[in-house]
Amino acid sequence: SMAEGAGAGPRLAELLAAGRRLWEEVETGTEPSSGAPAVQDKVRQGLDALQRAAAMVAQLDLFSENEELEEIASADLKYLLLPALLGALTLKQVDLSRRLEHLESARAHFWRFLKLCRSYRLGSFHLPPAATSPPAEEDAGSPSPGGPAATQPSLVAMASSRQAKIERYKQKKELENRLASMRTFVESGQADEDQIREFYILQIQKWINTSLEEIESIDQEMVILRSRGTAKQPSAPPHGTSRQVRTPLKPFILTRDAAQAKVFGAGYPGLPTMTVDDWYEQRRRQGVVSGQSVPQRTPGIADEELQKQQQEKKEEEDDEEALQKARNWDDWKDTHPRGYGNRQNVG
């Protein structure tokens, strides 16, 4: 292949292999937090290796927009994955003050990968727009009340996109199983050129699915970050304050108390449950909810919600008493006509 001829071959292959191995270690790692220094070291090293490999690929002009897939040497196919891997590792960075920048950079990598795959006719998919546009200036003030609700996709569209997601998920699982069974075969050097080629093309297809999914979730996260940005501008805290170090929340079920946590936990094994107290405690440890910020909650809905919960709790506790009172009231109503005791408007 051209790369081998240029003398960059072994070096390039090593860089790709190293970057890829580091990505896999981060992805399947056992570290409890992706912010752990050991994990972030791997992210940095991986990005470094992959960026150097990408620079070589560009220098060697390995891929061109107007070339056919058949013209790519089988051994070079794996370098098509570079931008996708770069995108995946870029997302693993945890510096929250630069989150938007990382999202934009990762999105550009994934998009470049998809564009390249399109030009080689690998996979049939809609190429997403090249970049997300920041929200229009006129909405910068406050979101209009008709905003999100007005633009909600129709139920039919939602159902069909859900169907598409299920299909994609099935394909992905199928692909992963095929890749897993071929991998040892290819890596042990027993595969012939056709098999190697098929293996790399399957990998590319798997990464096409991943890239499409990632771009979709990047776009959603960017909308949230940008709207938070516009909402915060008037009173934005100076750079580097604790406002920016929010850890993204994983989905979980919020329960009122431990008993409820037990019940919910049984039904949704995939989702952790936590009580309101646990949640506050966790957020406090993360430095998001400070001791004083609790009383400053905006009155209104939250308070009503809380009162309602306390009321329900109280009712559960003195259920017997409440029941008795209700019965007494019923008896009283039976013996006293409606309006009894209401003497203000006696004519």
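Reader: How many Å separate the backbone oxygen of leucine 91 from a polar atom of the side chain of arginine 99?

Author: This is a predicted model, in which local features need pLDDT of at least 70 and side-chain atom pairs count only at pLDDT 80 or more, while totals for chains, interfaces and linings use all residues. Residues are numbered from 1 along each chain as its sequence is written, and side-chain values use heavy atoms, with hydrogens and water left out. Between the backbone oxygen of leucine 91 and a polar atom of the arginine 99 side chain, the distance is 3.5 Å.

Reader: Which residue's side chain is joined to the side chain of arginine 99 by a polar contact of 2.8 Å?

Author: Arginine 99 belongs to helix α5, which covers residues 99–119, helices being DSSP runs of H or I with at least four residues, numbered from the N terminus. A polar contact is a pair of N or O atoms within 3.5 Å; within protein, one must be able to donate a hydrogen and the other to accept it, and residues adjacent in sequence count only if both atoms are side-chain atoms. At 2.8 Å, the side-chain partner of arginine 99 is glutamate 221.

Reader: Is arginine 99 buried or exposed?

Author: Buried means under 20% relative accessible area, exposed over 50% and partly exposed in between, with a 1.4 Å probe and protein chains only. Because its relative accessibility is 17%, arginine 99 counts as buried.

Reader: What arrangement do the rings of phenylalanine 63 and tyrosine 120 have?

Author: Rings of Phe, Tyr and Trp (its six-membered ring) pair if their centres lie within 6.5 Å, and planes under 30 degrees apart count as stacked, over 60 as edge-to-face and the rest as tilted. A search of the whole structure finds 3 aromatic pairs. In the pair of phenylalanine 63 and tyrosine 120, the centres are 6.3 Å apart and the planes stand at 80°, so the arrangement is edge-to-face.

Reader: How many residues apart in sequence are the parts that this pair ties together?

Author: Phenylalanine 63 and tyrosine 120 are both buried. Phenylalanine 63 lies in the loop between α3 (37–60) and α4 (82–90), and tyrosine 120 in the loop between α5 and α6 (147–150), so the parts tied together are apart in sequence by 57 residues.

Notes
Helices (H or I, at least four residues) and strands (E, at least two) are DSSP runs, numbered from the N terminus.
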